[in-house]
Amino acid sequence: MPGHSEGYEIPDSLTATYGQTLSEVALPSGWTWDEPNALVGLLGMQEHKATFTPSDTENYKTVSLEMRIQVAKATLTAEDYTAPTAKDLTYNNEEMELISAGSVKVEGLIFFYSVDGGNTWNEEIPTRKNAGSCTVQWKVSGNNNYIEVGGTLSAGIKKKVLGWYSGDLSASKA
């Protein structure tokens, strides 16, 4: 029938990953994204306009609809962050940071640290004063659009070696 659109398939299970553009989300034949360079959006269900162009445009209308896309969390890459590292420390009777801080290039992400097996997390770098070792857990978190990453470091403060005095230790008499 002229004036009606020819049969078309409406996709119902489109998926994408946070950070992708619509052009990276495949549509069935005849469909195109109205804004292919637009980002898919935040984590969760998002809607974007697409247009179906029939093969016979003289007899059938084009159709524009909002397409639903389920957006999943993105995975951080090695370029997105630098993991913390353990420091080589020797006891000096002062409070010392056990690790060098990690850094992150993605907005909204923060490093968190734990020294109690992950029961409590803190943005502050763990410190100690006395010699001994511990396990420092770290994670990059704070932005729901990314999968959390983390790791574990062995850190600590080595005992200081006392020096020897080679002089006369006997009491002098005047």
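## Charged side chains

The chain carries 13 positive and 22 negative side chains, and the centres of these two sets lie 18 Å apart. In this count Lys and Arg are positive and Asp and Glu negative, while His and the chain ends are not counted; the place of a charge is NZ of Lys, CZ of Arg, CG of Asp or CD of Glu.

This is a predicted model, in which local features need pLDDT of at least 70 and side-chain atom pairs count only at pLDDT 80 or more, whereas totals for chains, interfaces and linings use all residues. Residues are numbered from 1 along each chain as its sequence is written, and side-chain values use heavy atoms, with hydrogens and water left out.

## Strands and overall dimensions

The chain has 14 strands and 0 helices, where strands (E, at least two residues) and helices (H or I, at least four) are DSSP runs numbered from the N terminus.

Along its principal axes the C-alpha trace spans about 125 × 25 × 20 Å.

V106 is found in the loop between β10 (103-104) and β11 (110-114). V106 counts as buried because its relative accessibility is 14%, and buried means under 20% relative accessible area, exposed over 50% and partly exposed in between (1.4 Å probe, protein chains only). Of the 174 residues of the chain, 31% count as buried.

Leaving aside neighbours within four places in sequence, V106 is in contact (heavy atoms within 4.5 Å) with L76, D80 and Y146.
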